Amino acid sequence: MALTPDEIEVPELFESEDMPSRTYMIDWVAGRIRSSKVDNREALIQFVYKTLFDGRFEKIIYTDAYGNEIKSVLGAGYSNDALETELTRVIREALIYDERISGVDDFVFTRSESDLLVSFRVLTAEGEDTEISDFALTGGI
């Protein structure tokens, strides 16, 4: 007689379900949250921008999975190629944990006299791609 059964049935304590993406609209120009709401693609784009604006571990209301580590990469003294590789990694890591996102690719970095801009493509779980263009990573590199 075995001390443990061959098959242990564990009851399902929690049901996993996709959460709605409906959220309050952020007015980026005014720097405030509006009472109107956004959903689906607009909510996803808003999530991407908000995640890129917020540093990881900076706001205690968010989990450790939220935010980015762009500042630590920009100040590390990397060569241009290494900088782009590391920024690609930290941007991808900041976004990929969201269940609506299945991938982040096609990174293009552009330098001007005072800015480092990044453009990339966000692949959604529903198969709809979203382009993020010319997001300013710095204001004086």
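Two strands pair if DSSP finds at least two bridges between them, and helices (H or I, at least four residues) and strands (E, at least two) are DSSP runs numbered from the N terminus. This is a predicted model: local features need pLDDT of at least 70, side-chain atom pairs count only at pLDDT 80 or more, and totals for chains, interfaces and linings use all residues. Residues are numbered from 1 along each chain as its sequence is written, and side-chain values use heavy atoms, leaving out hydrogens and water.

Q: How do you know that β3 and β4 pair?
A: The two share eight bridges in the antiparallel sense, and at least two are needed, so they pair. One spot to look at is F109, which sits opposite V118 in β4.

Q: What makes β3 and β5 edge strands?
A: The open sheet runs β3-β4-β5, with antiparallel pairing. β3 (101-111) and β5 (129-136) each have a single partner strand, so one side of each has no neighbour in the sheet. On average, neighbouring strands here are turned by 15 degrees against each other, direction ignored.

Q: Which helix packs on the sheet, touching β3, β4 and β5?
A: That's α1 (residues 40-53), whose direction makes about 30 degrees with that of β5. Axes are lines fitted to C-alpha atoms (for helices, over the stretch in contact), with angles from 0 to 180 degrees between N-to-C directions. Helix α3 (residues 80-96) lies across β3 and β4, at about 150 degrees to β3.

Q: How does the reach of α1 compare with the expected span?
A: α1 has 14 residues and reaches 20 Å from first C-alpha to last, close to the 20 Å expected. The expectation is 1.5 Å times one less than the number of residues.

Q: Why is D98 called buried?
A: Buried means under 20% relative accessible area (exposed is over 50%, partly exposed in between; 1.4 Å probe, protein chains only). D98 comes in at 11%, so it counts as buried. D98 belongs to the loop between α3 and β3, and a polar atom of its side chain lies 2.8 Å from the backbone nitrogen of R100.

Q: Which residues have the most contacts inside the largest nonpolar core?
A: They are V48, L87, I91, F120 and L137, in a core of 23 residues. Such a core is a set of buried Ala, Val, Leu, Ile, Met, Phe, Trp, Tyr and Cys residues joined through side-chain atoms within 4.5 Å. The largest share, five residues, comes from α3.

Q: What is V48 in contact with, leaving aside its neighbours within four places in sequence?
A: V48 is in contact (heavy atoms within 4.5 Å) with L95, I101, F120, V122 and I132. V48 is also one of the buried residues of α1, along with A43, L44, Q46, F47, T51 and L52.

Terms used
Polar contact = N/O pair within 3.5 Å; in protein donor to acceptor, adjacent residues only side chain to side chain.
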